Amino acid sequence: ADVPMDFSATVLNEVKNYDLNVRPLDHPDRLDLSDKLIITIDGDDAKDFDDAVGVEKIEDNYRLIVAIADVSNYVAKGSAVDKEAYHRGTSIYYANKVIPMLPFELSNELCSLKEGEYRLALALNVLIDPHGEVLDSSIDEAIIKSKRRLTYNKANMILDGTLDDPELKE
């Protein structure tokens with residue numbers, strides 16, 4: 001497929017006016033999960049962090065949160081960005097470069113769940129009992145603030161006990 005490296009002027013004009021600062025006060029109708037221990041886990045070279053997870057104990061149960069970047073908040077159906085993303089289909093990863101599906105302002109900024117940054121997300125909230133049975137679940141428009149960016153290697157080291165990260169032991 002013939003996928004261009006650069007985006008058209010029309011697409012770039014559409015995203016240039018985006019406010020890159022996400023603030024909870026600007027989104028009062030969203031579920032505020034910014035105080036939860038939510039982390040991203042991606043490859044060592046990843047630049048766009050589009051999903052994050054968190055688990056917390058609530059009495060004898062567990063709450064699992066799976067969050068994905070809320071791209072639909074920024075990309076209107078039928079817009080130039082939407083049409084270009086549809087044409088591209090996905091980001092293409094090579095050994096030394098990436099051809100992104102979305103412009104940088106979205107792929108690496110607003111829709112990247114960066115550590116320490118407020119971001120808009122769609123969050124799956126699942127309450128699970130000690131036997132693994134789902135007690136309740138919802139999908140919410142949320143605002144999150146990833147507490148940590150982990151790589152797969154670092155996450156495995158924490159899980160197997162070869163790396164201690166006290167902040168993740170909450």
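**A charged pair and its surroundings**

Modeller: E109 counts as buried because its relative accessible area is 18%. Buried means under 20% relative accessible area, exposed means over 50%, and partly exposed is in between (1.4 Å probe, protein chains only). This is a predicted model: local features need pLDDT of at least 70, side-chain atom pairs count only at pLDDT 80 or more, and totals for chains, interfaces and linings use all residues. Residues are numbered from 1 along each chain as its sequence is written, and side-chain values use heavy atoms, with hydrogens and water left out.

Now look at the partner of E109. E109 forms a salt bridge with K114, and their closest N and O atoms are 3.0 Å apart. A salt bridge is a side-chain nitrogen of Lys or Arg within 4 Å of a carboxyl oxygen of Asp or Glu. Side chains of opposite charge can pair when their charged atoms come close. K114 is partly exposed, because its relative accessibility is 23%.

K114 also touches N108. N108 lies in helix α3, residues 104-110. Helices (H or I, at least four residues) and strands (E, at least two) are DSSP runs, numbered from the N terminus. N108 counts as buried because its relative accessibility is 17%. Its side chain makes a polar contact of 2.9 Å with the side chain of S107. A polar contact is a pair of N or O atoms within 3.5 Å; within protein, one must be able to donate a hydrogen and the other to accept it, and residues adjacent in sequence count only if both atoms are side-chain atoms. Leaving out residues up to four places away in sequence, N108 touches K47, D48 and K114. Contact here means heavy atoms within 4.5 Å.

An α-helix has 3.6 residues a turn, so residues three or four places apart point the same way.

Not counting residues up to four places away, V81 touches V11, E14, V15, V75, L102, P103 and L106.

R88 pairs with E84, with the closest N and O atoms 2.7 Å apart. Both lie in α2, 4 residues apart, about one turn of the helix. R88 is buried because its relative accessible area is 5%. E84 is buried because its relative accessible area is 16%. After α2 comes G89, whose phi is positive, near 80°.

β7 (residues 118-128) and β8 run antiparallel, joined by 11 bridges. Two strands pair if DSSP finds at least two bridges between them. I128 stands opposite V134 in β8. β7 and β8 form a hairpin with 5 residues between them, and G132 in the turn has a positive phi of about 90°. On β8 (residues 134-145), strand β1 (residues 31-32) pairs in the parallel sense over 2 bridges. There, L31 has A142 as its bridge partner.

Finish with N125, found in strand β7. N125 is buried because its relative accessible area is 8%. Its side chain makes a polar contact of 3.0 Å with the side chain of R63. Another, of 2.6 Å, joins the side chains of N125 and D140. L31 is also among the residues in contact with N125.
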